[in-house]
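Biologist: Please take a close look at the aromatic side chains in this model, and at the charged side chains around them. How are they arranged, and how well are they covered?

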Amino acid sequence: MKINQTDSFMISRSVEETMELGRRKAAELKSGDVISLSGPLGAGKTCLIKGIAAGLGINAGDVRSPSFTLVNELYGKMPLYHFDLYRMKNISELYEIGWDDYLMREGITVVEWGEKAGDMMPRDSIKIEIKIVSEKRRKIFISYFNKPAG
């Protein structure tokens with residue numbers, strides 16, 4: 001099977017633009033999609049997730065980094081499973097919280113610090129990397145695998 005990858009990037013000039021990107025991204029998502037987010041602390045990963053949540057009809061204010069619980073479940077048009085692996089010490093913690101079960105549930109899974117999941121991250125996940133350009137500007141790279149045409 002051939003894997004097709006398409007990449008794009010955009011510049012965000014504000015928190016509002018990053019949230020708007022998340023809202024637009026939510027309109028493209030379907031149940032079962034997994035998004036891996038990477039970038040340094042303060043890059044805007046949680047901000048982007050707030051936009052995705054808003055696009056799914058979830059109050060953006062309900063989105064908080066689940067740094068101490070690893071996952072938060074939020075409900076709107078579709079469930080949103082928000083993982084934050086920043087404090088994860090060992091990949092076995094993913095097994096302990098039912099990682100595989102979450103990936104099989106109906107809904108969208110978004111993983112901050114997704115690179116820490118290693119080979120446990122689905123191969124066809126959408127990868128978003130946020131780079132800090134300046135205090136307010138971010139360069140956001142998006143990689144899709146097996147993205148449908150159109």
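Modeller: A residue is buried under 20% relative accessible area, exposed over 50% and partly exposed in between (1.4 Å probe, protein chains only). The model is predicted, so local features need pLDDT of at least 70 and side-chain atom pairs pLDDT 80 or more, while totals for chains, interfaces and linings use all residues. Numbering runs from 1 along each chain as its sequence is written, and side-chain values use heavy atoms, without hydrogens or water.

A search of the whole structure gives five aromatic pairs (Phe, Tyr or six-membered Trp rings with centres within 6.5 Å; planes under 30 degrees apart are stacked, over 60 edge-to-face, the rest tilted). One of them joins phenylalanine 9 and phenylalanine 141: the centres are 5.7 Å apart and the planes meet at 35 degrees, so this pair is tilted. Phenylalanine 9 belongs to strand E1 (residues 5–12) and phenylalanine 141 to strand E7 (residues 138–145), so the pair ties together parts 132 residues apart in sequence. (Helices, H or I with at least four residues, and strands, E with at least two, are DSSP runs numbered from the N terminus.) Phenylalanine 9 has 48% relative accessibility and is therefore partly exposed; phenylalanine 141, at 26%, is also classed as partly exposed.

The ring of phenylalanine 9 has a charged neighbour too. The charged end of lysine 139 sits over this ring, 4.4 Å from its centre (NZ of Lys or CZ of Arg within 6 Å of the centre and within 35 degrees of the ring normal). Elsewhere, the charged end of lysine 45 is placed over the ring of tryptophan 113, with 4.2 Å to the ring centre.

Another aromatic pair is made by phenylalanine 83 and tyrosine 102. Their centres lie 5.2 Å apart with the planes at 85 degrees, so the arrangement is edge-to-face. This pair, too, links distant parts of the chain: phenylalanine 83 is in strand E4 (residues 79–84) and tyrosine 102 in helix H4 (residues 99–104), 19 residues apart. Phenylalanine 83 has a relative accessible area of 0% and is buried; tyrosine 102 is buried as well, at 8%. Both belong to one aromatic cluster, together with Tyr81 and Trp99.

Strand E4 also holds aspartate 84. This residue is buried yet has no salt bridge; arginine 87, the nearest side chain of opposite charge, is 7.3 Å away (Lys and Arg are positive, Asp and Glu negative; His and chain ends are not counted). A salt bridge requires a side-chain nitrogen of Lys or Arg within 4 Å of a carboxyl oxygen of Asp or Glu. The side chain of aspartate 84 does reach the backbone nitrogen of tyrosine 86, at 2.9 Å.

Salt bridges do occur elsewhere: a search of the whole structure finds six. In one of them, glutamate 20 and arginine 23 bring their closest N and O atoms to 3.0 Å. Both residues lie in helix H1 (residues 15–28), three residues apart, about one turn of the helix. Glutamate 20 is partly exposed at 32%, and arginine 23 is partly exposed at 33%. Lysine 25 and glutamate 28 form another salt bridge, at 2.7 Å from N to O. They too lie in helix H1, three residues apart. Lysine 25 has a relative accessibility of 4% and counts as buried.

Technical notes:
A polar contact is a pair of N or O atoms within 3.5 Å; within protein, one must be able to donate a hydrogen and the other to accept it, and residues adjacent in sequence count only if both atoms are side-chain atoms.
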